[in-house]
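Work through the following exercises with the sequence and the model in view, and try each task before reading its solution.

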Amino acid sequence: MQRKAYVETYGCQMNISDGELMQGILASHGYVLASRPEDADVILVNTCAIREHAEQRVLGRVGELYRLKRENPDLVIGVTGCMAQRMGTALLDRAPYVDLVMGPDGYRHLPEALAGIGRLAPGRDREADTDVRQGAGRGGAGVQLPVLRAAQRKAEAAGARKAVLDLEPHENYEGLEVSRTSEVSAWVPVQRGCDYRCTYCIVPYVRGSEKNRQPEQVLDEVGDIAARGIPEVVLLGQTVNSYRHGDWDFARLLRAVARVDGIRRVRFTSPHPNDVTPELLAVMAEEPAVCRQLHLPVQAGHDRTLKRMLRRYTVAEYMAKVEMARAAVPDLALSTDVIVAFPGETEAEYEATLDLLRAVRFDDAYLYRYSARDGTPATRLPAQDFIADDAAQARLERVIDVQRAIQAEINRSEVGRLEEVLVERQARTAGDVLGRTERNKVVAFPGPPSLVGSFVRVRLTDTTGATFMGMAAASGERVA
Ligand code: SF4
């Protein structure tokens, strides 16, 4: 009988794309993809390690899934992705009912790894099963009791639990089939890993150094996506615009992707400000398929903080990139990432970040408070530099208020525009559908579900401040 697999993904677009990759690998090895964990023989929780909160959420979720394993001792539970790489075998210690821990460079070996699991893992061996049940009864899922450890050691010794954690310097997952979850937009990773070493960031340690795919392979994949009728691609990379392969740089790759027949929209994320070049902006301005939208993470608005973060640019250099981008691409929508309460950030430095938001007036921003990640350089800053929780939370709440007000002002000024919307899904309000404009603004408007996947000209009639409401335009109205 065919085994059923369920993949549950947390985190960024790169991780969601990895989830699709794992599903593709499993499907090509005879697994049927389940839509609910209750129906699966194998559950993979594909995790994120960027913030502590995300990890706690995943640990809680894995603990919940243990309930299914108690009902079905043959169930295999795997934890994959950045958190699996970061915690490594400690995760097997912490969660004795987890059978597999696999980092982001191991997915090619997923079928073999799963094939080796299942004979004597805790929960499968009768004696060990008893141990696990006792452990759960007394302490709940995830609690380290002596009986659990004994069961776990026995399973490990028998090779029934696995940790696949090697970083592979050349693994780009070329030539593998991806199982796509959307018929509207497709993620295409063009780069994995990162060569920057921002002091707060775990990515270089869990995803290794930068690896760029061959342009021919990327273009083949985009051609297949277009042939399936998917009109939008999003090129992904940790610092996507540092892409380089032979004499191909990112600007050249972006232009080639934008010219693939059938592709009507191209986005990319996340670029690093230092790798924004005039050539890249020229492609954005000249190629009609490239969306007038740029996500440009700034992280902080003061040079001292930027230096301590090792972002490798100053505020003045960042502002020059913003100016250059706006001059090259008229009506560009800009978004950013900001981290407040980085260790040692003074009140004046924090205020400088608010000033930068007010000066640039981003269309959107992802705002976070600093989250310490073990193993990153920032955790070794002097203890007195770390900002107390309540002060950090207050800084976060204030920056959210400032940015929300700016965003609402910008969006109110855009009510009345006629925009082309690519419909992504049904909205929560009955009878409405939801989509995005070229400038990545979210719009809900009345329309049947059959519109999903189509481009509709929509007049923006109102805004909540963050998203828009609209009405399909009368035929004949032209998008400006
Ligand atoms: Fe992390 Fe910095 Fe690399 Fe982005 S550029 S992935 S923040 S190290």
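For sorting residues by class, Ala, Val, Leu, Ile, Met, Phe, Trp, Tyr, Cys and Pro count as nonpolar, Asp, Glu, Lys and Arg as charged, and the others, Gly among them, as polar. Keep in mind throughout that this is a predicted model.

**Exercise 1.** Sort the residues around the ligand by class.

Solution. Begin by listing the residues around the ligand, which are Cys194, Tyr196, Cys198, Tyr200, Cys201, Val203, Pro204, Gln238, Thr239 and Arg311. Sorting them by class then gives seven nonpolar, two polar and one charged residues.

**Exercise 2.** Check whether the span of helix H2 agrees with its number of residues.

Solution. Helix H2 covers residues 52-71, and at 1.5 Å a residue its 20 residues should span 28 Å. The end C-alpha atoms of H2 are 30 Å apart, which agrees with that expectation.

**Exercise 3.** Classify the aromatic pair formed by Tyr107 and Tyr173, and explain what it ties together.

Solution. The ring centres of Tyr107 and Tyr173 are 5.9 Å apart, with 15° between the planes. Planes under 30 degrees apart count as stacked, and the pair of Tyr107 and Tyr173 is therefore stacked. Next, locate the partners: Tyr107 lies in the loop between strand S5 and helix H5, whereas Tyr173 lies in the loop between strand S6 and strand S7, so the pair ties together parts that are 66 residues apart in sequence. Finally, consider accessibility, where buried means under 20% relative accessible area: Tyr107 is buried at 0%, and Tyr173, at 5%, also counts as buried.

Definitions and conventions: Residues numbered from 1 in each chain as written. Predicted model: local features only at pLDDT ≥ 70, side-chain atom pairs only at ≥ 80, totals over all residues. Heavy atoms only, no water. Near = heavy atom within 4 Å. Helix = DSSP H or I, 4+ residues; strand = E, 2+ residues; numbered from the N terminus. Expected span 1.5 Å × (residues − 1). Phe/Tyr/Trp six-rings, centres within 6.5 Å; stacked < 30°, edge-to-face > 60°. Buried < 20%, exposed > 50% of the residue type's maximum accessible area, 1.4 Å probe, protein only.
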